[in-house]
Each structure stands twice: as C-alpha cells, then as structure tokens.
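Here is a friendly briefing to read alongside the model. Take a look at the structure first, and then we can walk through it topic by topic.

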Amino acid sequence: MRGLNLLFNCLRFTTGLASQDAEANQSIACIQMQLTEEGIEVGPIDGIMGSKTRSGIQELENTHPELNELPPISVSNASVYCRTIGLLRNSTVGWSSVNGFINLTTGREMPTSHVQRAKALIENVTTFYRDDLNVLIPQTIEVVISDSADEAAALAAAKLAIQGEHSDITDGFIEWCRGYGYCGKSYGGVLAISYAAASGFPRNDMHELIAHEIAHEIQAQYVGNFRARGEEHRVSHRGPNWLTEALAHALAKHIRNPHKHPKYDLKKANLRREYESERLKDFIYQSSAWEDDFQDYSVFAGLSLVAKASHHAVIKFWEKTPELGWEDAFQLAFGLTVDGFYQKFGNL
C-alpha cells in the first residue's frame with residue numbers, strides 16, 4: 001500500500017509546489033521517493049535537485065554501480081534516472097499506473113462523438129505502448145485535443161505550468177498549425193493536438209498523429225530531453241534528427257495498420273521514390289526537418305529498421321542509449337552499425 005501511495009503522489013505532483021519553484025520536476029520527485037524508500041535521507045520530496053538529492057544518488061551508486069554508466073544527472077534527464085533506479089531496485093515507485101500512462105484532456109466545445117473517438121484512439125495507443133511493447137515511463141503523458149488550435153495551445157500551456165514549465169507556447173503552436181487540417185506538437189511531457197472543426201474528426205490521420213507524438217514523449221523519458229552542446233556535438237545524444245523521426249513514424253504506422261508486416265509499408269514507400277544514402281545524411285541536424293523530402297526519408301528509414309529487427313527493437317534502442325550512447329545502442333538494437341545502415345539504405 002505504501003508503494004501505491006508513493007506512486008500516486010509521484011504521478012499527481014502538486015500544482016502548488018510546481019508553481020512555487022520553476023525547477024520543481026516530477027521525475028526528480030520520483031528519484032527522491034526512490035532514495036527515501038531505500039533509506040537514504042534527501043530532505044523534503046519537493047522535486048528540486050538539491051545537494052542532498054545529488055549526494056543521495058552518489059550513495060546509491062555504491063550499491064548500484066550501473067548508475068555510473070548514465071550521463072551526469074540534470075533536470076533534463078531526471079526521468080532516465082527515475083526509470084533506471086526503479087528497475088535496479090525492482091520498485092514500482094514512479095511507474096505510470098494502468099490509468100495514468102496517458103491523461104487526455106479534450107476541448108470544451110468538441111462534439112460528444114469526437115470526444116468518444118479521441119478517447120478510443122488514446123486507449124488503443126496506450127494498449128500498444130504499455131501492453132504490447134511493455135513501455136514503463138515515470139511521468140504521465142498529458143494529451144490535449146481540441147478542434148481549436150488556440151484552445152489546444154492554452155490548455156497545453158496550463159498543463160506545462162502545473163509541471164513548473166512556464167514557456168509561452170501559444171503563438172508557436174498556432175503558427176505551427178496554420179494551414180493544416182490537423183496538427184500536433186510535443187512540449188516536454190505535454191502534447192497539444194488540434195484539428196479543423198469544419199472538416200470533422202479525421203480518425204485515421206489523428207490516430208497516426210497521436211501515436212507519433214506519444215512516441216517522441218516516450219523517447220524523451222527513456223533517453224532524456226537535453227542536447228549536447230558545441231559545434232563538435234551537433235548531433236543530439238538521441239542520434240540524428242532523421243532517426244528520431246524515423247522511429248516515431250515506424251511505431252505510428254504499425255499502430256494504424258497493426259496486422260500488416262513492416263515490409264508491406266516499406267514496399268509502398270519504396271515505390272514513391274529512389275532513396276539515396278547521402279541524402280539521408282543531410283537530415284542529421286534539426287534544421288533539416290523543414291526540407292521537402294525529410295518525411296519521406298525518415299518514414300522509409302524507420303520502416304527499414306523495424307522490418308530488419310522489430311518494433312520492440314525501437315524500445316530497446318531507447319533503453320540502452322543513456323548507458324551506451326546512441327551509436328552502440330543502435331548496433332545492439334538493430335543488428336548493424338550506423339555506417340552499415342547508411343551503406344544499405346536505399347537497397348533494403
């Protein structure tokens with residue numbers, strides 16, 4: 001019962017605490033609970049990375065040296081530590097509960113039929129990630145869906161404020177959605193999704209969009225949210241930008257067409273164009289995401305990887321990235337080196 005109470009408290013981190021200090025963080029609170037359960041004194045469970053929390057982690061490293069394989073702890077990768085400590089200790093503290101994996105908030109004016117469809121899609125996506133792929137995450141993913149981009153942005157901003165994130169996303173999201181019948185974007189634990197009311201609820205497109213954006217949030221919790229700095233580290237610790245998008249595309253397309261083997265979609269994608277390895281390398285950095293053929297290339301790359309390995313290999317890649325680095329994790333999960341994949345790309 002104590003573990004369940006701690007889990008509930010971790011997932012329902014109080015609004016008041018987060019608003020008092022912008023550094024308050026759900027995953028750090030989860031780490032503090034893990035340490036407290038281990039009998040290590042960290043002071044108040046306040047979600048703030050203080051000296052006692054850092055020294056507590058160092059103390060835990062004495063009994064669990066695997067923690068030394070992770071990057072230095074920070075607010076940005078605290079979810080990685082929460083997951084890792086929980087697994088090492090075989091503790092349930094911090095894992096999303098059956099009903100807490102994804103929390104859906106719908107727009108106030110959405111038709112009842114659209115709300116019901118949204119809930120059905122969320123349930124389907126949750127079942128796939130949580131039950132089929134055995135995903136364990138320390139923080140509930142908040143999903144906001146509205147038939148108004150303005151409302152979706154406002155609701156998402158309110159969710160972020162509860163978590164201690166006060167960046168203004170409203171104008172950015174509305175601009176992102178301009179001219180599209182439906183759109184979505186993730187903001188560090190919160191997904192904002194909107195669609196044009198006049199065109200109805202595009203079920204299939206929304207299904208794939210939701211699954212895609214949730215994949216990004218799962219990756220963020222498995223791998224961390226920070227990026228390496230400096231010109232010599234232009235590639236994110238997650239790997240090239242094409243890879244981040246490729247894996248989200250591959251998972252989302254499988255959720256939309258669960259009974260079709262990845263080779264089916266791969267063959268369809270291959271008919272669209274001829275793919276070149278050197279062009280894929282152009283999509284290493286985030287700025288290249290705006291290139292016209294970025295999506296075609298990332299979809300083809302993702303389908304190629306899961307067709308060679310499996311959809312479970314995507315989760316394995318994310319699990320091992322903090323410990324091994326993305327290149328070694330890539331080889332372990334997909335069975336070939338990154339250079340080997342570049343050489344084969346376009347001929348798979």
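In this predicted model, strand E1, helix H6 and strand E2 make a β-α-β unit that is left-handed. E1 covers residues 102–106 and E2 covers residues 141–146, while H6 spans residues 112–132. The points below start from the sheet around this unit, then move to a helix, the cores and the chain as a whole.

**The sheet**

- Four strands make up an open sheet with mixed pairing, and their order is E1-E2-E4-E3.
- At the edges sit E1 and strand E3 (182–186), each of which pairs on one side only.
- On average, neighbouring strands of this sheet are turned by 15° against each other, with direction ignored.

**Pairing, strand by strand**

- E1 and E2 pair in the parallel sense over five bridges, and here leucine 104 stands opposite valine 143 in E2.
- E2 also runs parallel to strand E4 (residues 190–195), and five bridges join the two; across this pair, valine 144 faces alanine 192 in E4.
- E3 and E4 are antiparallel, again over five bridges, with glycine 184 opposite isoleucine 193 in E4.
- Which residue in the turn of the E3–E4 hairpin has a positive phi? It is glycine 188, at about 55°, and three residues lie between the two strands.

**Helices across the sheet**

- H6, the helix of the left-handed unit, lies across E1, E2 and E4 and runs at about 165° to E1.
- Helix H7 (residues 149–162) also lies across E1, E2 and E4, running at about 170° to E4.

**Helix H5**

- H5 takes in residues 78–89, and its 12 residues reach 16 Å from the first C-alpha to the last, close to the 16 Å expected at 1.5 Å a residue.
- Is H5 mostly covered or mostly open? It is mostly covered, with 10 of its 12 residues buried.
- Those buried residues run from Ala78, Ser79, Val80, Tyr81 and Cys82 through Arg83, Thr84, Ile85 and Gly86, and they also include Arg89.
- The partners they pack against are four helices: H3 (26–37), H4 (51–63), H9 (203–223) and H14 (311–324).
- Just after H5, asparagine 90 takes a positive phi of about 55°.

**Nonpolar cores**

- The largest nonpolar core has 68 residues. Those with the most contacts inside it are Tyr129, Ile214, Ile218, Trp242, Phe317, Trp318 and Phe334.
- What does phenylalanine 334 contact, leaving aside its neighbours within four places in sequence? The contacts are Leu247, Leu305, Lys308, Ala309, Ala313, Val314 and Phe317.

**The chain as a whole**

- The protein chain contains 16 helices and four strands.
- Of its 348 residues, 53% count as buried.
- Looking at contacts with a separation of 6 or more, residues 24 or more positions apart account for 68% of them.

Technical notes: Residues are numbered from 1 along each chain as its sequence is written. This is a predicted model: local features need pLDDT of at least 70, side-chain atom pairs count only at pLDDT 80 or more; totals for chains, interfaces and linings use all residues. Side-chain values use heavy atoms; hydrogens and water are left out. Two strands pair if DSSP finds at least two bridges between them. A crossover is right-handed if, with the strands pointing away from the viewer, the path from the first strand over the helix to the second runs clockwise. The expected span of a helix is 1.5 Å times one less than its number of residues. Buried means under 20% relative accessible area, exposed over 50%, partly exposed in between (1.4 Å probe, protein chains only). Contact means heavy atoms within 4.5 Å. Axes are lines fitted to C-alpha atoms, for helices over the stretch in contact, and angles run from 0 to 180 degrees between N-to-C directions. A nonpolar core is a set of buried Ala, Val, Leu, Ile, Met, Phe, Trp, Tyr and Cys residues joined through side-chain atoms within 4.5 Å.
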